[in-house]
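Here is a short briefing for a first look at this structure. Keep the sequence and the model side by side as you read.

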Amino acid sequence: MQPIVLGAWFPRIPQIQATLDLSAGQLAFALMGLPVGLFAALAFGGRLAEALGTRRLLTYGLITYLILMPLPAFMGSGVLLFGALALAGLALAIAELGLNVTAAEVESRADRLIMNGCHGFWSVGVLIGSAIGSIFAELRLAPNISLSILSFISLIPLIYSARQITDFSVPKPDPTEGEQKPITKPLVFISLFGFGIAMTEGAMADWIAIFMTDIFEASPGVAGASFTVFSLFVAFGRFQGDKLKARFGVEKLAGSFVIAALAGLLVALFSPTIIASFIGIAFLGLGVSLGFPLAVSAASTLPGRSSASNVAILTQMTLCGFLVGPPVIGLIAEFSSIQIGLLALSPALVMALYFSRFLRTHP
């Protein structure tokens with residue numbers, strides 16, 4: 001349920017833009033608030049997980065997230081929107097950190113792989129939230145009211161679930177080995193891989209429907225279905241990920257899926273028909289589906305630092321990619337076209353392909 005409110009935010013961005021009378025560039029600046037908040041959480045997220053343990057981290061993180069996520073929809077200017085999104089990004093980072101650290105701790109103790117399946121359900125949550133947000137928009141329900149309703153409805157089930165999860169004590173680095181080692185190159189490389197993948201996901205969430213409208217003059221329903229197709233194939237790939245990971249090497253699996261994403265992006269952008277473009281979108285969704293869960297599993301087993309610290313850095317970097325993508329595409333599109341803007345995702349995917357070689361789990 002956690003990503004439902006986040007998913008419901010995406011369909012309301014055009015309405016927020018119209019209400020505040022923001023240009024594409026001004027909106028791009030305001031959307032940068034979320035990654036700013038995520039970077040702020042990077043400074044203390046790992047230590048917070050070590051101090052609180054998984055149960056309290058999840059509980060406090062989810063409560064703060066549900067309170068602050070609707071806040072941007074109440075703002076009356078682009079500057080205030082930036083500030084509210086920064087606070088929401090801070091809360092989102094803590095909530096996501098709690099979920100990922102918990103999943104990593106469960107997977108490390110279990111006899112089977114679960115990380116990809118967990119992120120498959122996360123993708124389903126984004127899809128459901130996006131559909132709900134679209135319905136609320138069609139019903140002319142104000143964004144601030146609709147997001148507040150979803151947060152309120154989600155509060156009790158999420159907190160109840162968080163309190164039922166096993167309270168893992170997140171291990172700190174061994175004090176006999178001195179101070180915790182600095183961030184290692186493998187962790188940086190894994191985080192850059194996740195950044196490139198997540199940047200593509202974030203850009204698709206906000207801009208693919210606009211692309212369909214501008215390039216193919218698609219109706220609102222068809223344009224909205226493009227993100228639905230993308231999300232469905234992200235979820236499908238993630239539900240298959242644990243079986244694929246057990247059968248194939250992590251590096252080979254990650255690289256192959258990124259190549260599929262690159263091919264899908266080019267097909268989606270340059271196809272002469274809308275049907276062919278939808279096929280490209282499906283391949284793009286499948287291609288990016290395994291990126292983040294594979295990166296979490298790899299980062300959590302790196303030596304030298306606690307799993308919480310490693311996952312915290314990866315989570316914030318990846319979420320930054322997810323949220324940096326939309327404003328970057330918006331800025332490029334303002335001075336060129338939405339097609340050129342989305343084509344700018346190709347360097348991010350090439351970067352992810354290069355760094356996929358560093359994804360491996362350590363005993």
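**Briefing: a loop, a helix end, cavities and rings**

Thr 184 lies in the loop between helix 8 (143–164) and helix 9 (185–216). Helices here are DSSP runs of H or I with at least four residues, numbered from the N terminus. This is a predicted model, in which local features need pLDDT of at least 70 and side-chain atom pairs count only at pLDDT 80 or more, while totals for chains, interfaces and linings use all residues. Residues are numbered from 1 along each chain as its sequence is written, and side-chain values use heavy atoms, with hydrogens and water left out.

**Thr 184**

- Thr 184 counts as partly exposed because its relative accessibility is 25%. By definition, buried means under 20% relative accessible area, exposed means over 50%, and partly exposed is in between (1.4 Å probe, protein chains only).
- Thr 184 and Gly 304 are 120 residues apart in sequence, yet 8.3 Å apart in space, C-alpha to C-alpha.

**Ser 300**

- Ser 300 belongs to helix 13 (residues 291–300).
- Ser 300 counts as buried, because its relative accessibility is 17%.
- A polar atom of the Ser 300 side chain lies 3.0 Å from the backbone oxygen of Ser 297.
- Leaving aside residues up to four places away in sequence, Ser 300 touches Ala 104, Ser 307 and Val 311. Contact means heavy atoms within 4.5 Å.

**Cavities**

- There are three cavities of 30 Å³ or more. A cavity is a set of points, on a 1 Å grid over the protein atoms alone, where a 1.4 Å probe fits but cannot get out; lining residues have an atom within 4 Å of a point. Grid points are joined across faces, edges and corners, and a volume is the space filled by probe spheres set on the points.
- The largest cavity has a volume of about 100 Å³.
- Its lining includes Trp 122, Glu 201, Phe 227 and Phe 322.
- Helix 7 (115–138), helix 9 and helix 10 (220–247) each supply at least two residues of that lining. Helix 10 gives the most, with four residues.
- Seven nonpolar, two polar and one charged residues make up the lining of the largest cavity. Ala, Val, Leu, Ile, Met, Phe, Trp, Tyr, Cys and Pro count as nonpolar; Asp, Glu, Lys and Arg count as charged; the others, Gly among them, count as polar.
- The second largest cavity has a volume of about 50 Å³. Among the residues that line it are Trp 9, Leu 31, Asp 206 and Pro 326.
- The lining of the second largest cavity has seven nonpolar, no polar and one charged residues.

**Aromatic rings**

- The structure holds eight aromatic pairs. Rings of Phe, Tyr and Trp (its six-membered ring) pair if their centres lie within 6.5 Å; planes under 30 degrees apart count as stacked, over 60 as edge-to-face and the rest as tilted.
- Phe 189 and Phe 355 form a stacked pair, 5.2 Å centre to centre with 20 degrees between the planes.
- This pair links distant parts of the chain: Phe 189 is in helix 9 and Phe 355 in helix 16 (residues 345–355), 166 residues apart.
- Phe 189 counts as partly exposed at 21% relative accessibility, whereas Phe 355 is buried at 11%.
- Phe 211 and Phe 216 form an edge-to-face pair, because their ring centres are 6.2 Å apart and their planes stand at 85 degrees.
- Phe 211 counts as buried, at 0% relative accessibility.
- Phe 189, Tyr 354, Phe 355 and Phe 358 form one aromatic cluster.

Terms used
A polar contact is a pair of N or O atoms within 3.5 Å; within protein, one must be able to donate a hydrogen and the other to accept it, and residues adjacent in sequence count only if both atoms are side-chain atoms. On a 1 Å grid over the protein atoms alone, a cavity is a set of points where a 1.4 Å probe fits but cannot get out, and a pocket is an open set with protein on both sides within 12 Å along at least five of seven lines; lining residues have an atom within 4 Å of a point.
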